[in-house]
Amino acid sequence: MNVIKQFLSDWKTTGAVVATSQFTQATMLDMVDFSRIKLAVEFGPGSGAITKCILSRMRPDATLIGVEINPSFAEVLRERIADSRLEIVVDSATHLPAILEARGPGRADCVFSSLPFMNLPPDLRDEILQAAREGLKPGAQLVALQYTPWVLPRLLRRYFGGYHFRFNLLNVPPAFVYSAARGD
Ligand SMILES: C[S@@+](CC[C@H](N)C(=O)[O-])C[C@H]1O[C@@H](n2cnc3c(N)ncnc32)[C@H](O)[C@@H]1O
């Protein structure tokens, strides 16, 4: 089971033909201060390219919840990544507040996303951004990878009040990495 196979069977949800490059992973992770992160969430971990990098930078006492809608990817992640700090939940990112609530009190210190917003219907995009905002602590950060600059900036302005971004050419296709903090 790989990203190309999943892309061919469900291109809209998978959104990429190859896994995110190490250069883009580094761009995403360099935007975050991992010393402050106790609970992180990854939307759409897929085959785990970014997941492994997040875990390599996380504190030993931190937790990463991977929220993956595709059960085949979830199975691959469980087989490939043996790390007690990683919890894989087969669910939609739209359910983040309920996923966190089921674990007890406490919201996330950071949400990483590589969801293909461009391919998703507008209502679903809104639901995901609302869920990310609600699941984050005040001041905590959403870091999102995108292959186009057309959809996400508008949503980040609406739900987070603004954003920063970096552009990375060393990815197939070239990638934009956005960072936005929950304001209150
Ligand atoms: C572009 S792939 C990213 C894979 C991997 N993170 C990477 O960067 O190489 C997008 C991933 O998001 C997942 N996905 C799409 N919609 C989702 C949703 N609503 N909730 C959770 N995961 C979703 C897909 O199944 C896929 O694994």
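**Close-up views of the ligand site and a helix pair**

**View 1. Shell around the ligand in the predicted model.** By class, this shell holds 10 nonpolar, 8 polar and 3 charged residues (Ala, Val, Leu, Ile, Met, Phe, Trp, Tyr, Cys and Pro count as nonpolar, Asp, Glu, Lys and Arg as charged, and the others, Gly among them, as polar). The ligand is surrounded by 21 residues, the closest being Thr-14, Thr-20, Glu-68, Ala-93 and Ser-114 (a heavy atom within 4 Å). At least two shell residues come from each of α2 (11-14) and β2 (63-68) (DSSP runs: helices H or I, at least four residues; strands E, at least two; numbered from the N terminus).

The model is predicted: local features need pLDDT of at least 70 and side-chain atom pairs pLDDT 80 or more, whereas totals for chains, interfaces and linings use all residues. Residues are numbered from 1 along each chain as its sequence is written, and side-chain values use heavy atoms, without hydrogens and water.

**View 2. Polar atoms at the ligand.** A polar side-chain atom of Glu-68 is 2.6 Å from a ligand oxygen atom. A polar backbone atom of Ala-93 lies 2.9 Å from a ligand nitrogen atom. For Ile-69, a backbone N or O atom lies 3.3 Å from a nitrogen atom of the ligand (N or O pairs within 3.5 Å).

**View 3. Helices α6 and α7.** Helix α6 (residues 96-103) packs against helix α7 (residues 122-135) at an angle of about 30°, with axes 8 Å apart (lines fitted to C-alpha atoms over the stretch in contact; angles run from 0 to 180 degrees between N-to-C directions). The two are therefore roughly parallel (under 35 degrees).

Key
A polar contact is a pair of N or O atoms within 3.5 Å; within protein, one must be able to donate a hydrogen and the other to accept it, and residues adjacent in sequence count only if both atoms are side-chain atoms. Angles under 35 degrees count as roughly parallel, over 145 as roughly antiparallel, 65 to 115 as roughly perpendicular and the rest as oblique.
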